[in-house]
Amino acid sequence: MAWIKSHYCGYLSPSDVGKEVKLTGWIGRRRDHGGLIFIDLRDRSGLAQLVFDQPRGVELFQLAESLRSEYVVAVKGTVIKRTAENINPALPTGEIEIHVSKMEVLNRSKTPPFYIEDGINVDENLRLRYRYLDLRRPEMFNRLQLRHRAAKLARDYLDSYDFLEIETPMLTRSTPEGARDFLVPSRLHPGSFYALPQSPQLFKQLLMIGGVERYFQIVRCFRDEDLRADRQPEFTQIDIETSFFGSENLFALIEGLVALLWKELRGVDLKLPIPRLSYREAMDRYGSDKPDLRYGMELVNLDEPAAESDFNVFKSALDAGGAVRGLLVPGGKRFSRRELDDLTLLARQMGAKGLAWVFVEDEGWRSPISKFFSEPLMNRISETMGAVPGDLMLFVADRWEVSCQVLGQLRRVLAPKNISADPHFLWVVDFPLFHYNEEEERYDSDHHPFTAPRPEDMSLLDSDPLAVRAQAYDLVLNGVEIGGGSIRIHNSDVQKKIFDLLSLTEEESKEKFGFLLEALSFGAPPHGGIALGFDRTVALLAGDDSIRQVIPFPKTAAASCLMTGSPAQVSEKQLDELEISLQETEEEES
RNA sequence: GGAGCUGUGGUGUAGAUGGUUAACAUAUCGGCCUGUCAAGCCGAAGACCGCGGGUUCGAGUCCCGUCAGCUCCGCCA
């Protein structure tokens, strides 16, 4: 029997009744009644019920009796309409079944270690070790399919705007700053190493200088940092770069793309344009540079009333140029002393010196700090916060960033339980160009060293670098950063100046980035771009919390692959060819 | 680098305060069964409780260490 199927199992319908079909797939559940056997035949499309009984041939029936889970078979049979009482409304193909006339077992299978079906509850360990079995589960195949469709939509969309998909090197050079690089030793240059790209950043800029004008790439990136539910050592970006294309054009382009994805893949109509918040405002109102706008609980500025209190913690923070911010927790009276202690601990871990709390009751404040506040002041603060009896108010007084960030973290922890999954997109713009690196005692790029300052802030580069705003932007969805980009520096003098401010010596910047500085001096067009985190985007489209769900073969939290056993040791010969010797591992003496 | 949670037949779980034959469901194997779709009924086999120490007359249970998975902090331009 030829193994080409005439139909997919899951797409058979009453309109196929009477047809002779050829099906291929895997054996799912088997219901053996002795003289009558029902078998769910599964392929990537879904299930169809096969029926075997004695009168249709003893040999075929015996073969059907020998079938076990995950055997691979090809069958030929007739699509039959089920009688009314035998219809299974829970199954898309529940109105029909296949009366098999011929069957070939193409392969047998060991008993799988877990059920090949949706909604299973097994250790992720097992799923990762047997990922190929996990991928047979419909919900996993659907994720692969969703990912494919998202990629295809993005490609076609960008193609329609004249973007070219262009590949860039995977073996490139290590650059300072940014994440830790994955290094690849060079055999032809012993002692030298390639780095896998953290992103194609420099290459896409060089493509702009190369006259491409509109580039994109759905590309793997590598960062040797610790993992999270939304971070893998290798991940995929939709990487975009354009020339002669200001940030407004870029926003419109990306908004069109995400609207297309959500429309086609989720049936959701996004309201465009996507709202924008400056970094400053996002921090001030939500305590985060990627706020989740699906719920309120905005932070409240209490600088003025706090200054009038006798509470030294508030006053000294304000005197030092800091800020006092409040977070209202509606109905927060249910919090126990112990839960408050946990919140305080969290606040301390986030860098706050402490956390002040106030229960608002009918009689007024119940709080360890109430003695520092007059009655009118307490009322004024409650009013500013919008608090009513039964609510809990949390206050942090510290440096502005700390006050905001700590309460922003608490806002996330204390978020309402049943927030909708509706997509709330947001652009966060006007990031600072630099932040101060206390450890290294120098300025670091907030985004990356090729980000252009806002033109009106250029003069601040010399006087107050930390006040310079960048032409950088992040795309945020429901509290998740799904993309970020910037307008780049296209002038070699400005680029030199930035390198200088980053405390890169002329020698260093020439050594590491000389090719870029030279390229910028040959008529570099104004350009800029963005990269969307493809794994995160697909995970959000799929409604998953972890990007591992939408990556076919992901790594564990310790960055290993449980299926292949990578990373693994290599042979002496391989190391010799690379002139690499391993250090003796130090045995602990105890 | 740090913190927390988890680890018991193939799988998912139960095993208060330490007590001798580690329980249940499901899967598996065998038998019966012609309308099931989580098929049903009967029976069988299957676990040295992640690993290594320790405390104890006695450890799945308590202690220490270690490994693995997950989550978070640091880290991620």
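What follows is a walk through a predicted model, from the surface around its RNA strand to a pair of crossing helices. Local features in this predicted model need pLDDT of at least 70 and side-chain atom pairs count only at pLDDT 80 or more, whereas totals for chains, interfaces and linings use all residues. Residues are numbered from 1 along each chain as its sequence is written, chains are lettered from A in the order in which they are written, and side-chain values use heavy atoms, with hydrogens and water left out.

RNA strand B is surrounded by 47 residues, a residue being near the strand if one of its heavy atoms lies within 4 Å of it, and the closest are Asn86, Glu97, Tyr115, Glu225 and His447. Of the atoms of RNA strand B that come within 4 Å of the protein, 56% belong to sugar and phosphate.

Polar contacts, which are pairs of N or O atoms within 3.5 Å, include one in which a polar backbone atom of aspartate 123 is 2.8 Å from a phosphate oxygen of RNA strand B. Glycine 178 places a backbone N or O atom 3.0 Å from a sugar or linking oxygen of RNA strand B, and for a backbone N or O atom of histidine 448 the distance to a sugar or linking oxygen is 3.3 Å.

Elsewhere, the axes of helix 4 (residues 138-160) and helix 6 (residues 247-266), as lines fitted to C-alpha atoms over the stretch in contact, come within 10 Å and cross at roughly 140 degrees. Helix 4 is therefore oblique to helix 6, since angles under 35 degrees count as roughly parallel, over 145 as roughly antiparallel, 65 to 115 as roughly perpendicular and the rest as oblique.

Technical notes
Polar contact = N/O pair within 3.5 Å; in protein donor to acceptor, adjacent residues only side chain to side chain. Axes fitted to C-alpha atoms, helices over the stretch in contact; angles between N-to-C directions. Helix = DSSP H or I, 4+ residues; strand = E, 2+ residues; numbered from the N terminus.
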